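Student: Please go through this model with me. I want the criterion behind each label.

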Amino acid sequence: METAPLIQTPSSAAATVEARVLSLLLPYHRTSGPASPDPADHPEQLRQIRQFTEAGEPVVLTLPGFPCKSPNPAKVLGHLPDEGERLSLGFLDRLCARVGEVYEPGARMLICSDGHIFGDLIRVPDPLIDAYGDALRALIRSEGLTRLDTFDMRDVHGDLDHDTKRRLVTDAYAPSVPSLRELARTDEETARLYRGITRFLVEDTADFTGTRSALQRECRTRAYGVIARSRAWGDLIAHHHPRSVRLSIHPQRPGSEKFGIRLLDAADAWATPWHTVVLRGRGGAARLMRREDAERLGRLVLRDGRPSHYEEV
């Protein structure tokens, strides 16, 4: 899956180094509204990049994500990274490599796995999150993705247990749930995020014994907790890495502090490798979709003896 060629932008700001770097990211901007290919419409990202270009240092990008696999077996192949993560990590590493073509020091991306911060809310046990994170690191090494690094809850607060770490990070950084409820009533971006996470929680809860309406009520409550802790995790990353280009897997409108980025060259603004599987078409193109849908269209492919993806038949 190749990255798009460097596009020419209409702004006179495109002559600057930071604008050329940003122009490499703009084709993959994950936004819920109209996208802009003009770097000048993204002043916060230009400022963040400029912190590195003025110092002649590699640009550091931080990306919260790659938490763990969905607990719903109808959506994924198991609890470990597979072809979806392999393709996505390769895409992100190549994007960093392309920065080196327009800015000699290049770029590095820190994958900030956020599974532990809300693992209890999404009902995924900490040992499975650890196993996913360990396999993700091993995949980065085996694929030779030298521009990617990782960061997760195991890198903070020493040897404390995960429940204690979650509490400490949440107490230090998370906004209150009432404030998020109020924000969701007045800010469309927050409301859209709330609805999207609620939908994921409903889909991922495979063992609920109550009614559908009861499940939806419970997931709406859990969704606010996920958002609060996600924001806490983002602020913790900013504390540990105060100079960085802050990326997000969630759509962000132009001008936001964070830059929403696609993890593959895929059209779905919400699709992620950890909620889906890969289906390769007859021509080799990869699509992300639910496992139960891919099973109807393709045959299972193993990689190193483990389920990896599907190929269309």
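Predicted model: local features only at pLDDT ≥ 70, side-chain atom pairs only at ≥ 80, totals over all residues.

Tutor: Residues are numbered from 1 along each chain as its sequence is written, and side-chain values use heavy atoms, with hydrogens and water left out.

Student: How do you know that the span of helix H5 agrees with its 17 residues?

Tutor: Helices are DSSP runs of H or I with at least four residues, strands are runs of E with at least two, and both are numbered from the N terminus. The expected span is 1.5 Å times one less than the number of residues. For residues 126-142 that gives 24 Å, and the end C-alpha atoms are 24 Å apart, so the two agree. After H5 comes Gly 144, with a positive phi near 65°.

Student: Which residues of H5 are called buried?

Tutor: Buried means under 20% relative accessible area, with exposed over 50% and partly exposed in between (1.4 Å probe, protein chains only). Asp 126, Ile 129, Asp 130, Tyr 132, Gly 133, Leu 136, Leu 139 and Ile 140 are buried in H5. Their cover, counted by contact (heavy atoms within 4.5 Å), includes helix H3 (83-102) and strand E2 (107-113).

Student: What makes a space a pocket?

Tutor: On a 1 Å grid over the protein atoms alone, a pocket is an open set of points with protein on both sides within 12 Å along at least five of seven lines, whereas a cavity is a set where a 1.4 Å probe fits but cannot get out; lining residues have an atom within 4 Å of a point. The largest pocket has a volume of about 940 Å³. It is lined by 44 residues, and Leu 193, Ile 197, Ser 230, Ser 248 and His 250 are the closest to its centre. Helix H8 (188-204) gives the largest share of this lining, 8 residues.

Student: Which element gives the largest share of the lining of the second largest pocket?

Tutor: H5 does, with 4 residues. That pocket holds about 240 Å³, and its 14 lining residues include Leu 139, among those nearest the centre.

Student: What makes E1 and E4 a pair?

Tutor: Two strands pair if DSSP finds at least two bridges between them. E1 and E4 run parallel and are joined by 2 bridges, so they meet that criterion. Leu 61 stands opposite Val 245 in E4. The open sheet has 5 strands in the order E3-E2-E1-E4-E5, with parallel pairing; E3 and E5 are the edge strands, each pairing on one side only.

Technical notes: Points joined across faces, edges and corners; volume = space filled by probe spheres on them.
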